[in-house]
Amino acid sequence: MGVIDDVKDTLSKAVFSPATLLTGRGGLHMCQIILCVVTFLLGAFRGGSSHTYWNYAMFTWAFCPIMTLIITIIEMFKLDIPLNLFCMDWPDFTTGMAMSSSLMTVSVAITYANFYACLKCVYGWIVSIFAFLCAILYILEVVKDKFLDRKKGSYLAALPGFWKVMEAFVSCMIFISLSGYRDKPALIFCVIAYIIPFPILPIIIATNILKKLKKCLPFNLDRFVFIFLVISVVLYVFAAIIWPIFMFKNNPRPKDCPPSFCIWAIEFMVAFFTYVNLILFVVDLIFTLLGICDFKRT
């Protein structure tokens, strides 16, 4: 009966509380939502583009405020209390989402300014300024959670979970930069190597966030993660060797190759992000083997 009484007491606290919007956290969330929506509308008003970086920017300016709005509504109705009891570590989830949103908005602000801002592109500069303001707001939330409120993450806001987020993020950057591989079978194998680990990363992240789901798994998740990391390292070693050889053989950098619209520079970014993700996966594997920095040793 004691457990049932605790559950009833927890559920009774889940009531509508608009006062959360008047707190510093609530005000920051409202500013994030409004500014991201304004930036999205400015970017959309500029006109559509077939460029994958533009599509990524529009997705980010839509995804981040939607997630912030969902978090705000849940906290406004005090639904975070039962979620924290039955499902997940809510403070860890919200801080982790703020860290992920910071990563996305910062990268979008840099890439958008690189591709669409120039001396004569006033409108591009306006959108870029709003994009950097969005990034600053999400960074402020991370600083508030991690340093002012001193929230300790259990997974997503801790190093092991955020490391997986960075691996998934770099994978996304590889996908939006892919070009010039369709007529080269060796490079198609590299694309397959990029694809295989990518869908497994969000599954690992979600399973670790949902504590009850993790306990119901018929296998050891930590052992599965270790096997996954070994396979990912092998795949990325293959791609790190094959992609530069077959992409840049007899394909030197053109003399006129500005980073904003040079295909060679974008193809080089694939190689660069390949090595970045290879380093992330190798460090992840080593930390997991040694069981340091909160990484669970298998």
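**Entry 1: the largest pocket.** I looked up the largest pocket in this predicted model and noted a volume of about 570 Å³. I then went through its lining, which is made up of 22 residues, and wrote down Phe63, Met104, Val165, Ala168 and Cys172 as those that lie nearest the centre of the pocket.

Entry 2: I recorded α5 as the source of the largest share, with six residues in the lining of the largest pocket.

Entry 3: I sorted the lining of the largest pocket by class and counted 19 nonpolar and three polar residues, with no charged residues present.

**Entry 4: the second largest pocket.** I moved on to the second largest pocket, which holds about 390 Å³ of space, and I listed 20 residues in its lining, with Tyr155, Pro160, Asn208, Lys214 and Lys296 lying nearest its centre. For this lining I noted α7, α9, α10 (211-216) and α11 (221-248) as the elements that give two or more residues, and I marked α9 as the one with the largest share, three residues.

**Entry 5: classes in the second lining.** I repeated the sorting for the second largest pocket, where the lining divides into seven nonpolar, five polar and eight charged residues. Setting the entries side by side, I note that eight charged residues line the second largest pocket, whereas the lining of the largest pocket has no charged residues.

Key. Residues numbered from 1 in each chain as written. Predicted model: local features only at pLDDT ≥ 70, side-chain atom pairs only at ≥ 80, totals over all residues. Heavy atoms only, no water. 1 Å grid on protein atoms, 1.4 Å probe; cavity = no way out; pocket = protein on both sides within 12 Å on 5 of 7 lines; lining within 4 Å. Points joined across faces, edges and corners; volume = space filled by probe spheres on them. Helix = DSSP H or I, 4+ residues; strand = E, 2+ residues; numbered from the N terminus. Nonpolar A, V, L, I, M, F, W, Y, C, P; charged D, E, K, R; others polar.
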